[in-house]
Amino acid sequence: MYLSKSDYLMGLDCVKALWLKKNRKEIMPEYDEATLATFDIGNRVQDLARDFYPGGIMVEAETWDVENGSILTKELSKKHNVLLEAFAQLSNGCFCRIDILVKNDDAWDLIEIKSASSVKDYYIDDLAFQKYVFENAGYPVKRCKVLHLNSDYVRYGALDVKQLFAEDDVTDAVLQKKSEVEMYVKGMLSYQAMPDEPEIPLHSSCSDCPFYGYCGKDVPPYSIFNLLRADKADAFYNSTHSCDIKDLPLEYCTTDKQLIDRDCFLNDKIHVEKENIKEWLNSLEYPLYYLDYETVMPAIPLFDNTSPYSQVPFQFSLHIQKTPGGELEHIEFLHQERSDPRRALAEALVKGCGKKGSVVVYNQQFEKTRNKELAALFPDLSADILAINERVVDQLIPFRNRYLYSPKQNSSASIKYVLPAFSDLSYKGMNIANGGDAMNKYLAFLNGSQSEEESKQMFADLLKYCGQDTYAMVLLMDVLYKWADIK
Ligand code: SF4
């Protein structure tokens, strides 16, 4: 059986995941749209990063054709100093493909391209495995490096590839993993060939695993993994093999929020703190401006004055309400061209938000930070934009602080949980149902990978989605008034 680099990294996370990947392929879910979008970003970054090592020779073999790829790499390595997508394989079944292989005197440097803007811990494991394979395949390795996006780069004019990327030498950290890799490779090769599925208890990070649908099929929608901190949930599950909150002794809940959430779940009741809600409602100044942004974060900066992964707002929705429970006015902005949306958005925002009245957002950090960025970018609008920030009121507070809590929230204060807990409105079935969808689809539009028809549909979906986000806040305001017995 083979062991690829991605198998090795999966095995480091969980050997059961590795076993399932090798032995129960049929239960591995298809990649979702978000994952495919991440792959697309990775491919675009890879293409650009190769310019960092000009003159590189591509090892032209299909990813699955390790045998031929390795032979070709060997031949090309005799004549060229820079190889792209170079293969190596070992007789024990281990194989990998390094992004860039560079001759360094009588040895080689391994360069791994990453679309992140910093070096993550698992990149060291990634390179440690590749070093193990390449060295044992006859390529002595001198240096191991990560070529990643440079968060300090700010685009002005044409893209400067030399500045867009930063190269970190991680050789020392990789060397420290040498004996560990040999041990783990041996263990994983025998583990994955075992006839029986390994017994690994569920743990808090399982929800990120592609096999969670299989391993976690008996976990209820609301469990100890929602209620408790990861270490406590894991300790409880390990000792009892139960994730049911009904089995959880009271002493595991050490915060007021956990005690409220547990009590509401066990007694199927809503928790309400009327005086706190009233105090929060009294802080509002009408008219209210319910505001929500959508942003896009291109890995490769598309506009001047942006860096890798800068948040670029391209849309907002604004519901305006003059009196509690009163009529609504709706203003919306959506940039439907491939140019920088920020100037037009900032002007529309200043015009739409007026001069007085609370600006209601859900999770103020996000909107306030975007506003500060816009203010810094457009000095002539700065005072008006910063004045909007002075008027911001955060509707997350009454829900996060448990002034009002429904067991249907599953211990979350996210609007995606709070809204269906207190109203019939939900995001289910919408073509764009969360900020990640909105971001990925708008990025596809900016990158020119959508048809005109698809873009037209996406604009309609975006308007519906962002409009619902602010309308949801209007509904939740009514909910707060109702539970505070104000109307
Ligand atoms: S869901 Fe958890 S236990 Fe199951 S394979 Fe994934 S990480 Fe391992």
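Reader: Okay, so angles under 35 degrees count as roughly parallel, over 145 as roughly antiparallel, 65 to 115 as roughly perpendicular, and the rest as oblique. Which helix is oblique to α2 here?

Author: That would be α8, residues 178-192: its axis and that of α2 cross at roughly 50° and come within 9 Å, so the two are oblique to each other. Before going on, this is a predicted model, where local features need pLDDT of at least 70, side-chain atom pairs count only at pLDDT 80 or more, and totals for chains, interfaces and linings use all residues. Residues are numbered from 1 along each chain as its sequence is written.

Reader: And what counts as a helix, or an axis for that matter?

Author: Helices are DSSP runs of H or I with at least four residues, strands are runs of E with at least two, and both are numbered from the N terminus. Axes are lines fitted to C-alpha atoms, for helices over the stretch in contact, and angles run from 0 to 180 degrees between N-to-C directions.

Reader: Switching topic: which residues surround the ligand?

Author: Cys-14, Lys-16, Ala-17, Leu-20, Ile-200, Leu-202, Cys-206, Cys-209, Phe-211, Tyr-212, Cys-215 and Gly-216. A residue counts as near if its C-beta atom, placed from the backbone, lies within 6 Å of the molecule. By class the shell has 10 nonpolar, 1 polar and 1 charged.

Reader: Which element gives the most to that shell?

Author: α2 again, with 3 residues.

Reader: What about α18 and α20, what angle do they pack at?

Author: About 55°, with their axes 10 Å apart; α18 covers residues 415-422 and α20 covers 452-483. That angle makes α18 oblique to α20. The contact joins Ile-415, Val-418, Leu-419 and Phe-422 of α18 to Ala-472, Leu-476 and Val-479 of α20. It has 7 nonpolar residues, no polar and no charged.

Reader: And how do α15 and α16 sit?

Author: Their axes are 8 Å apart at an angle of about 170°, so α15 and α16 are roughly antiparallel. Their crossing is left-handed.

Reader: Which two residues does a cis peptide bond join?

Author: Tyr-286 and Pro-287, with omega about 5°. Pro-287 sits in the loop between α13 (274-282) and β8 (288-296). Another one to look at is Glu-85 in strand β2 (residues 82-89), where phi is positive, near 55°.

Reader: Why point those out?

Author: Because most residues other than glycine have a negative phi, and most peptide bonds are trans.

Reader: Last one: how is the protein divided into domains?

Author: Into domain 1 (5-192), domain 2 (219-269) and domain 3 (275-483), with bounds from an automatic or database domain assignment. The centres of domain 1 and domain 2, taken over C-alpha atoms, are separated by 40 Å.

Definitions and conventions:
Nonpolar A, V, L, I, M, F, W, Y, C, P; charged D, E, K, R; others polar. Left-handed = near helix turned anticlockwise from the far one by under 90°. Contact = placed C-beta atoms within 7 Å.
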